Amino acid sequence: MSNDDGLLLEDLRAAPGGTEVLHGLDLSVARDELLVVLGPSGAGKSTLLRVIAGLEPATGGRVSIARRDVTHLRPGRRNVSMVFQSYALFPHLTVAENIAFGMIVRDTPRAEAEERARRAAEAVGCGHLLARRPGQLSGGERQRVALARALVRAPDVFLLDEPLSNLDLELRVETRAEIKALHGRVGGTMVYVTHDQTEALVLGDRIAVMRDGSFEQVDTPDAIWRMPATTFVARFVGSPPMNLLPAEGPLRLAEVPLTALIGFRPEVVVLGDPLGAEGTVERVDVVGDEAHAYIQVDGHTVVARVLAAGRPAVGAEVRVAVRWPDVHLFDAATGRRVAVS
Amino acid sequence: MRSGHRDADRRQLALMLAPYLVGLVALVLLPAGVTLAMAFAEYDLIQAPRWVGLGNFVELTRDPAFRAALTNSLVFAAIAVPARLLIALGLALLLHRRTRVVGAARTSAVLPTAVPEIAYGLLWLWLLNPFYGPINQLLRLGGENGLTVLGRTPPQWLTDPTDAQAGIILMSLFTIGETFIILLAARRALPPEVYELAAIEDATGWDVFRRVTLPLMAPVLGLLLLRDTIQSFQFSFVPALIVTEGGPPPYATTYLSLFVYRNAFEYLRYGYAAAATLVMLLLTVAAVGLQWRLIRRYERHTTAERG
C-alpha cells in the first residue's frame, strides 16, 4: 500500500442475498484519482460501490479508505459520500437543506453548514436554486444538487453510482464535461460507476472493466483502448465492437499460432484490397457520415467502419483485408491477450 | 350521429351509477335530511312530530347527561386518536423489515381489529374484571392482600369513573389494524436510497425518524388523523354500550354516540337525539377543518408543486 492511497481493496468479496457477487477484488485508487468502474449491468458495479460505502457487508477481504481499515465500520464512519442514480434528494427539504443535511445531522453549527452549502452549490452551478425544493427542479438541476451534497463535506472518497443515467443525451454530455472539470478543480478520490463506455473513456483517469464480479482489466483509457487485456474488454469497449476471428479463419496472418483469436476494430478493416478475402455485404448501418458494413466472410461476420459516402451496397461482393499492425491477438482458450511477436 | 353516441354513453353511465346513487340518496342523504329537520322537532314514534324550533338545543345546553357526554367524547378523542396513531406508527416502523418473526408479529397487530366488535367488548368485560380479570391479576402479581407491588389498589376498571374512562381508551388502542396496515405500506413505499444516504451521513436513529421518516410519511399520517378523528365518536360506542353501559353512574362513560342511541332508541326522543347528532356532526366538521388547515399549512411549508 503506497502512501497516497485514497482507496484500497484487498481480496474483497460480497454476497448480497446469499450469492457471491464480488469474487475477490483487488484495487488501489490513488488520492485525487478518478477511477471509472465500467461493466454491463449485473457485473456487480453497484454492489462494489455499496460495499465500499458500507451499505452492504463484505464477506471477505478488506476495504481501506485513506489508509484506514474501514471494513467493519458503519457507513457513517467511513467518511465517504455518495451520489445515487436516483439522486435520493429529500422532497421535503429545500436545496440548501438537502445539501446541508449531512452537516446538520453531524451537529455542524447551522450558520457554518449554510455557508458551506451555499459554496458547494455555487461550485456546481446551482447557487441560484438554494431556496427551491426538489419537486421544482429539472433532472439536470437535481443532479447538480446531489453532486453539491456529495462535495460539501470534503469526504475521503466520492462514490458516484451511474449519476448521469437519468439525464437526456445532451445534458449527459454537458454534465460529464462538468464533472471532469469539477474533479480537476476540487480533486478528491472518486469511484464512478457506469455502463457507458464513452463516459468511462472521457472521464476516467483509469478504468476498471468489470465482468461477473471480477475486474477484467484496470488501466488508463488509452491502454484499455489500445491494449485490451481480454476479449471481453476488447468487445465491450468500442462501438461497434471489435471483430474477433479465429486465426485459422479467412483472414490469416503469418507467424500467428493457429489456436489464437485475432481481434481488429471495425476502423482498421480495409475494403477493396485485391489481396483480401472475399466477402458479401449483409447489412449496412449508416450513422451520419460514417457507415458500419456487416460483411459475411467465409462463415464469419466482419464489421467495417467506412465513410458513408463510400459504403458498399448490400449484397455486393467485396474483398476484405485488415491493417495488420493494428491487430490484437488473444488466446482462444482463456480469452487473454497474447503479445504479437 | 355523434350526439346519439354520447347519449348512449350517458345512459350507460347513469345505469351504472344508479345503484350507488339510489343507495346514497335512500340510505344517507334522506336520513340526513330527516335528521336535520327532526332536530327542530319533537317525535316519539306515536304522536305526530311537533315543531319546537331551537327547543331541543336549548335543552341540550342544560342537560347534565349531554354535557358529560360531550366532555367525555372530546377527552376520549384527544387521547385515543393520537395514541392510536402513535402506536400504529410505532408498530409499522418496528415491523416494516422482513425478518423471521415479523410475519407473525404483523398478524397479531392486525388480529384485534378482525374480532367482531361485540365479541371484542365481551372479551374486555372479562379482561377488565376487577377481581378475576387477567389484567388486575397481573397487576396484583407480587403484591399482598389484593394490592399491587407498590401497595396500591389496582384500578377499579368498571366501577371507578376515571378508571372506566381509561379502560375504554385502553380498549380502543388495540383495534388499530387498518391504520397499521396503511402505515406499513406507506413506510415500505419510501425509497431506500434516502435511508442509505442518511446512513452514509451517520444520522442517528432519532435524526432519521425526525428528519426523514416523519416528514415523508406526514401526508399519510395527516390523512389518518383526519379519518380517526371523524371515526372517534364511533370507536367509543360499542365499548361503552357493552362493557360499561355508560357508567359508572351517572355518566362517566356516556359518550355522544351512546347519548344519541339512548335518547332515540330507549327514551324514544327522536328529535332530541337528532339535535345531539347535529352537534356531534358540527363538532367533527370543526375538528376536521382545524386539522385540515394545519396539514395544509404544513404541506405548503414543506412541499411545493412538482415541476
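# A predicted model: chain A overall, helices of chain B

User: In chain A, among contacts between residues at least 6 apart in sequence, what percentage join residues at least 24 apart?

Analyst: This is a predicted model, where local features need pLDDT of at least 70 and side-chain atom pairs count only at pLDDT 80 or more, while totals for chains, interfaces and linings use all residues. Residues are numbered from 1 along each chain as its sequence is written, chains are lettered from A and ligands numbered from 1 in the order in which they are written, and side-chain values use heavy atoms, without hydrogens and water. Taking contact as heavy atoms within 4.5 Å, the share in chain A that joins residues at least 24 apart is 63%.

User: What percentage of the residues of chain A count as buried?

Analyst: Chain A has 8 helices and 19 strands (DSSP runs, H or I of at least four residues and E of at least two, numbered from the N terminus). A residue is buried under 20% relative accessible area, exposed over 50% and partly exposed in between, with a 1.4 Å probe and protein chains only. Of its 341 residues, the buried part is 53%.

User: Is H7(B) roughly parallel or oblique to H11(B)?

Analyst: Helix H7 (residues 161–172) and helix H11 (residues 237–244) of chain B have axes that come within 10 Å and cross at roughly 130 degrees (lines fitted to C-alpha atoms over the stretch in contact, with angles from 0 to 180 degrees between N-to-C directions). Under 35 degrees is roughly parallel, over 145 roughly antiparallel, 65 to 115 roughly perpendicular and the rest oblique. Therefore H7(B) is, relative to H11(B), oblique.

User: Which residues of H11(B) make the contact with H7(B)?

Analyst: On the H7(B) side, the contact is made by B:Ala164, B:Ile168 and B:Met171. Their partners in H11(B) are B:Pro239, B:Ala240, B:Val243 and B:Thr244.

User: Which residues of H11(B) does H5(B) meet?

Analyst: The axes of helix H5 (residues 117–127) of chain B and H11(B) come within 9 Å and cross at roughly 45 degrees. That angle is why H5(B) counts as oblique to H11(B). From H5(B), the residues B:Glu117, B:Ile118, B:Gly121, B:Leu122 and B:Leu125 meet B:Val238, B:Ile242 and B:Val243.

User: Is B:Arg188 buried or partly exposed?

Analyst: B:Arg188 lies in helix H8 (residues 177–188) of chain B. Beyond its neighbours within four places in sequence, B:Arg188 touches B:His96, B:Arg98 and B:Arg106. Its relative accessibility is 39%, so B:Arg188 counts as partly exposed.
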